[in-house]
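Keep the structure open while you read.

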Amino acid sequence: MRPAAGTRVMIIGGGFAGLYTALYVSQSALGKSRKSEIILLEPRERFLFTPLLYERLSNEIDWWEIAPTYERLLLGTGIQHRSLAVDAIDLAERRVIVGDGSRLPYDYLVLGVGRATALPPIPGLAEHAYSFRTFEDAERLTEKLKFLAAAERGSAVNIAIIGGGPSGVELACKISDCFPAKRVRIQLIEQSNWFLSGFNSPIRQAAQKALARRAVQIDCGTSLKEVQSKEIKLTVDGKEINRTVDLVIWAGGTQRQSCLASLDCEQNELGQLLTEATLQLPSDERVFALGDLAQIKGDNSTPNTAQAAYQAAACAAKNIEALIQGKSLKPFKYKHLGDMLTLGKGGAVLNSFGLTLTGQIASAARRFIYVFRLPTRFHRWEVLRHLLQRWGQDFVAGLSGRKSGRAQRRK
């Protein structure tokens, strides 16, 4: 059964959930049909492969590798990218309201806008702290780090990272390696009693060793109370302390996007949309929600990660095609493939199916795995070729350096 003439699949959000769903739909029989239309609504011009964003801080990767334009990525796919911000969604009328007031009709809708940075009402946080979630965030933080590294100073640079989750740990290790030894002091501040909560022991042990080698101070059970231009106020065991800072980075929680706030559907206490196992909204079978903006009813095991969104995108695309063709839909079943963290330049930890790798081999494995998860075959090949060339040049340079060193010793 072919889709009805003019079938329009509209996808909101160009991140892992949205973009990958669009690509999977375009590769299906539905997408290849001339009677279907796939529209991706994403106001930004560039996709951002966030798991490798940390390598950009340490200049281990070029922007084009992790932030290709949608125009380049979607060339030849049949997907229409429209740089429009969504203000609201009218489920009853099956319309999406965009910034200029236009009401765009859809037949099937995929919600994949992700979540936004959540800044709690801590005095001075919004004015003085740096976030690390978007392309613009990373550019701004990169420039700030370059400025601090180049500045003439008599003392070390003091950096406070708020949030002891994976992002905070990865930031601490990468930023430490951006500075010469003893030129930076990093404080990792976590409100709960554990950092990397939710990760298994091998990951936490490897991260703790990496942080210790870089003399990163880990402060668990510590609350941020105020941020000033050169100082932060913390509370530890009921006592208030002040610390001097040159930079504060917020690696804390997230919140729902504003366009979902008034959506007429079930939501949990975090503002996530509740879905059926098939990723459909219970109130509307033509609307699918996935990624960290959604939670499957009764499922507390699927994490809010790129890995989960990547898998859910494939399921959503297949279910959209099945729904149009009148076939049975399949429930989404998350398969945990392991955890990976970058732990500084040339270092990482990888834990998968009971095997743990650390150091350079884990770093190389992590890069290869992520290269093959990039959105399109053409972009994957470009990045892989560039990576292999870079590694080859580094190997030759290292070999030449060792030969030069031996020659100097003979003299």
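A salt bridge here means a side-chain nitrogen of Lys or Arg within 4 Å of a carboxyl oxygen of Asp or Glu. By that rule, K297 and E266 make one, with their closest N and O atoms 2.9 Å apart. Bear in mind that this is a predicted model, where local features need pLDDT of at least 70 and side-chain atom pairs count only at pLDDT 80 or more, while totals for chains, interfaces and linings use all residues. Residues are numbered from 1 along each chain as its sequence is written, and side-chain values use heavy atoms, leaving out hydrogens and water.

**Salt bridges**

- A search of the whole structure turns up 17 salt bridges.
- E382 pairs with R72, and their closest N and O atoms are 2.7 Å apart. This pair links distant parts of the chain, with E382 in helix α12 and R72 in helix α5 (residues 70–73), 310 residues apart. (Helices are DSSP runs of H or I with at least four residues, strands are runs of E with at least two, and both are numbered from the N terminus.)
- E382 is buried at 14% relative accessibility, while R72 is partly exposed at 46%. (Buried means under 20% relative accessible area, exposed over 50%, and partly exposed in between, using a 1.4 Å probe and protein chains only.)
- D177 forms a salt bridge with R214, the closest N and O atoms being 3.0 Å apart. D177 sits in helix α8 (residues 166–177) and R214 in the loop between α9 (201–213) and β12 (217–220), so the pair ties together parts 37 residues apart in sequence.
- D177 is partly exposed at 23%, whereas R214 is buried at 18%.
- E55, E60, K174 and R366 are linked in a network of salt bridges.

- Three strands form an open, antiparallel sheet in the order β4-β5-β6. (Two strands pair if DSSP finds at least two bridges between them.)
- The edge strands, β4 (86–90) and β6 (103–105), each pair on one side only.
- β5 (residues 95–98) pairs with β6 over three bridges, and I97 stands opposite R103 in β6.

**The second largest pocket**

- Residues lining the second largest pocket include E55, E60, K174, W391 and D394. (A pocket is an open set of points on a 1 Å grid over the protein atoms alone, where a 1.4 Å probe fits, with protein on both sides within 12 Å along at least five of seven lines; lining residues have an atom within 4 Å of a point.)
- Helix α11 gives the largest share of the lining, four residues.
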